[in-house]
Amino acid sequence: MAGRFAPRPTPTTVRGGHVVVPGSVPRQVGEAGRVRSWVPSGALDLGLVLGPLRRGPGDPTFRVTADGAVWRASLTPVGPGTLRVSGHGSEVRGEAWGPGGEWLLARLPEMLGAADDPDAFVPRHRLVAVAQHRRPGLRLTRTGLVLESLIPSVLEQKVTTDEAYRAWRLLVRKFGEPAPGPVGGRMWVMPAPRAWALIPSWEWHRAGVDDKRASTILRAVRVAARLEQAVSMSAEDARARLEVVPGVGVWTSAETVQRSHGAADAVTVGDLHLPGIVGWALAGDRDADDSVMLSLLEPYAGQRHRAARLILLSGRTPARRAPKMPRGDIGKL
């Protein structure tokens with residue numbers, strides 16, 4: 001589920017808006033970055049907005065410091081960049097380093113949900129209305145970067161989140177490059193398409209990535225330029241382009257455009273847990289499948305992803321009836 005539940009209070013929780021992380025990244029060391037300030041039009045919760053971009057507590061591209069600032073390292077079309085985002089009263093301040101710094105600052109408002117319209121959402125269930133009332137700062141991020149969301153989504157296919165997070169962490173640290181700015185090797189920029197294509201087969205194996213997922217990523221990076229162009233398309237057209245790549249299905253394309261496009265209606269179909277959670281929350285049906293889930297979300301047409309996020313943030317989930325899926329590690333074989 002890529003951490004889409006309302007999070008438990010752990011030292012790295014950011015998806016629910018609670019930030020209690022020790023300061024692992026200095027606030028400002030060495031040269032000052034370029035700065036941009038932006039005033040959002042309404043409530044804004046940095047943890048809720050940017051939290052879905054984090055791939056596990058050890059994500060080398062994402063950090064949250066004790067002062068509530070969110071740090072991200074990204075590979076932009078003009079090069080690597082590091083972005084620090086922090087709130088100052090009603091104002092949001094972005095500071096960026098590296099060749100991609102200006103690109104990140106230019107898109108700071110969209111990344112923080114400026115292109116999203118939360119007022120278009122009308123709750124049809126009491127649980128959803130209460131969740132929306134309790135999370136007024138929820139907005140949908142739009143990163144404008146397709147591959148950055150596609151590759152970790154492929155890694156999350158049909159494995160536990162722990163396995164996917166571990167693979168992302170190992171591959172980015174080994175084949176990416178240190179993030180620019182005052183992070184001193186504690187953050188990394190994901191590999192460029194060429195670097196992904198040159199990863200040896202045994203390194204995929206050591207990271208616990210099976211041949212099917214590795215092959216899907218290799219096919220995607222070969223057409224990386226075409227996939228990145230999809231950011232200028234509508235979410236539906238972008239999904240159609242992504243799904244042309246063998247191994248990228250409806251689950252992966254939805255998970256990608258939710259982040260790259262801020263797609264409010266891209267509900268995740270084909271998920272192991274989501275139908276049962278939505279069914280339980282809205283109809284008391286923990287055995288709901290995708291068709292039942294889509295039927296229950298029909299009143300939210302155009303905003304189904306936002307409705308699903310609010311349901312997940314409500315914390316109303318069915319009790320577990322079976323042990324967790326065992327974690328595997330093909331790297332030990």
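At what angle do helix α4 and helix α15 pack, and how far apart are their axes? In this predicted model, where local features need pLDDT of at least 70, side-chain atom pairs count only at pLDDT 80 or more, and totals for chains, interfaces and linings use all residues, the angle between α4 (residues 126–134) and α15 (residues 304–314) comes out at about 80°, with the axes 9 Å apart. Residues are numbered from 1 along each chain as its sequence is written, and side-chain values use heavy atoms, with hydrogens and water left out.

Helices here are DSSP runs of H or I with at least four residues, and strands are runs of E with at least two, both numbered from the N terminus. Axes are lines fitted to C-alpha atoms, for helices over the stretch in contact, and angles run from 0 to 180 degrees between N-to-C directions. On the α4 side, L127, V128, A131 and Q132 meet L310, I311 and S314 of α15, contact being heavy atoms within 4.5 Å. Sorted by type, the residues of this contact are five nonpolar, two polar and no charged (Ala, Val, Leu, Ile, Met, Phe, Trp, Tyr, Cys and Pro are nonpolar; Asp, Glu, Lys and Arg are charged; the others, Gly among them, are polar).

Now to the rings. There are four aromatic pairs in the structure, a pair being rings of Phe, Tyr or Trp (its six-membered ring) with centres within 6.5 Å; planes under 30 degrees apart are stacked, over 60 edge-to-face, and the rest tilted. W71 and W97 are stacked, because their ring centres sit 5.6 Å apart with planes at 5°. W71 belongs to strand β3 (residues 70–76) and W97 to strand β5 (residues 91–97), 26 residues apart, so this pair links distant parts of the chain.

W168 is in helix α6 (residues 161–175) and W196 in helix α7 (residues 193–197), so the pair ties together parts 28 residues apart in sequence. W168 is buried at 3% relative accessible area, and W196 is buried at 0%. Ring pairs join W168, W196 and W204 into a cluster.

In helix α9 (residues 211–222), the buried residues include R213, A214, S215 and T216. Among the elements covering the buried residues of α9 are α5 (147–155), α7, α8 (201–206) and α10 (224–228).

Methods
Buried means under 20% relative accessible area, exposed over 50%, partly exposed in between (1.4 Å probe, protein chains only). The expected span of a helix is 1.5 Å times one less than its number of residues.
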